[in-house]
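Please look over the sequence and the 3D structure that follow, and keep both in view while you read.

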Amino acid sequence: MAVSRTIVVAGAGIGGLTAALTLAARGFRIVVLERAARLEEAGAGLQLSPNASRILIELGLEPLLAPHVIAPDSISIMTARTGKEIGRVPLGEAAALRYGAPYWIVRRADLQSALLARVTGHPDIDLRLGAQFEDVAVYPKGVTVVQRRVSERQQETALALIGADGVWSSVRHQIFPEAQPQFTGSIAWRGTVDASQLPRGFMTQRVQLWMGTNAHLVAYPMSGGKRINMVAIVSGKWNRPGWSEPGDVVEIGNHFADPHWPIAARMMIGAVDSWRKWALFAMRDGGVWNKGPIALLGDASHAMLPFAAQGAGMAIEDAAVIAKCLDASRTHPTAAFAQYAGLRAARVARVQRTARKNGQTYHLGGPVGFARDQVIRVLGGSRLLSRQDWIYDWKVP
């Protein structure tokens, strides 16, 4: 394998697999290192807005994803104060026509399976499961990446290294040891429920966003509408080891109890048999990006709050941009990664700030919560959608 064409990608999540495909499409040979011995589902559902779905379609993934994705017709904004809808943001055909690409909901496992099918079938991509990134050394003409497989250490010489290994990135720890994710004070409870357990109205093709004092709830269909994905966000403390653990049904029920939450929201919460709660950690605004021939993408660079539904989308965008920059400066990865950082940092910072502001807005109560509801009613769905133009209408520069 020619060193001048070899890129090592650490991490086989959504961002890492997408990067492998975008880079291979531009003539690079890719080695993907993944510490897990097998790729398993992490999380439940994903929302992929047009800025992300456009890239996946260009990579030829639409036929593989078509049986699994749902294109919701709208986002229904509900207020816990009255239990009623206060706004409906049009998606479906309206979004596809406006942005030239669809708004999709998909199970994370289905997206990962589609990406994996393309990766394993590509002659220029070498996916190594059970291969832990361990160290990297930089030389004038590239890098040497040390990996560990069981008890055996191996070295891979390459043009560059890309860290796509998540919020607790080992690559980032090597090059930016001082840059660590911080707990945001928010905890996400995630679970799914069989759609047949809910009234017929909940089975429609829409995303529901419930806003309440110090908490909010997002629910949407997936798996062809057979299951409903639930994400409940509450404020809290996290002093335990790790960043996820099983959630107690009684505890989450208390967060969404009467009289602060209407029966419809409480019924949705109560229908979930098994919850898992995740402490939400985030990186500093703007992320950390590159050092010489080493770069980061996705959560490794800029883990963010999920309140703009752009975590996966930003990683997919990163993958497309980093491939274009490397292609334009094929033998100079340091310059390519500097260009990549320059193209991504400001946009990502704006998305991070937007997500944080959305979370604050969703959790308003009392008179300010009432004022928020009135503003949403006055704006209406079309203007609410137009506020997303800067995110959804993005294309690779």
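Which residues does F183 touch, not counting residues up to four places away in sequence? In this predicted model, F183 touches G236, K237, W238, A279, L280 and F281. F183 itself lies in strand β12, which covers residues 182-194. One of the residues that F183 touches, W238, shows how the chain can bring together positions that are separated in sequence, for F183 and W238 are 55 residues apart in sequence and 7.8 Å apart in space, C-alpha to C-alpha. With a relative accessibility of 26%, F183 counts as partly exposed, because that class lies between the limit for buried, under 20%, and the limit for exposed, over 50%.

Another strand, β13, runs over residues 206-212 and contains R206. The relative accessible area of R206 is 17%, so R206 is buried, given that buried means under 20%. The side chain of R206 makes a polar contact with the side chain of S76, at 3.0 Å.

We can now turn to the helices. Two packed helices are described by the angle between their axes and the distance between the axes. Helix α1, made of residues 14-24, and α10 have axes that come within 8 Å and cross at roughly 30 degrees. Since angles under 35 degrees count as roughly parallel, α1 and α10 are therefore roughly parallel to each other, and α1 passes α10 in a right-handed crossing. On the α1 side the contact is made by I14, G15, T18, A19, T22 and L23, and on the α10 side by A315, I316, A319, A320, A323 and L326. Sorted by type, the residues of this contact between α1 and α10 are 9 nonpolar, 3 polar and no charged.

Helix α10, residues 311-328, also packs with helix α2, residues 50-58, at an angle of about 45 degrees and with the axes 9 Å apart. That angle makes α2 oblique to α10, and α2 passes α10 in a left-handed crossing. Here N51, A52, I55 and L56 in α2 meet G313, M314, I316, E317 and A320 in α10. The residues of the contact of α2 with α10 divide into 6 nonpolar, 2 polar and 1 charged. If you go back to α10 in the structure, you can find I316 and A320 in the contact with α1 and find I316 and A320 again in the contact with α2.

Methods. Residues numbered from 1 in each chain as written. Predicted model: local features only at pLDDT ≥ 70, side-chain atom pairs only at ≥ 80, totals over all residues. Heavy atoms only, no water. Axes fitted to C-alpha atoms, helices over the stretch in contact; angles between N-to-C directions. Helix = DSSP H or I, 4+ residues; strand = E, 2+ residues; numbered from the N terminus. Parallel < 35°, antiparallel > 145°, perpendicular 65-115°, else oblique. Left-handed = near helix turned anticlockwise from the far one by under 90°. Contact = heavy atoms within 4.5 Å. Nonpolar A, V, L, I, M, F, W, Y, C, P; charged D, E, K, R; others polar. Buried < 20%, exposed > 50% of the residue type's maximum accessible area, 1.4 Å probe, protein only. Polar contact = N/O pair within 3.5 Å; in protein donor to acceptor, adjacent residues only side chain to side chain.
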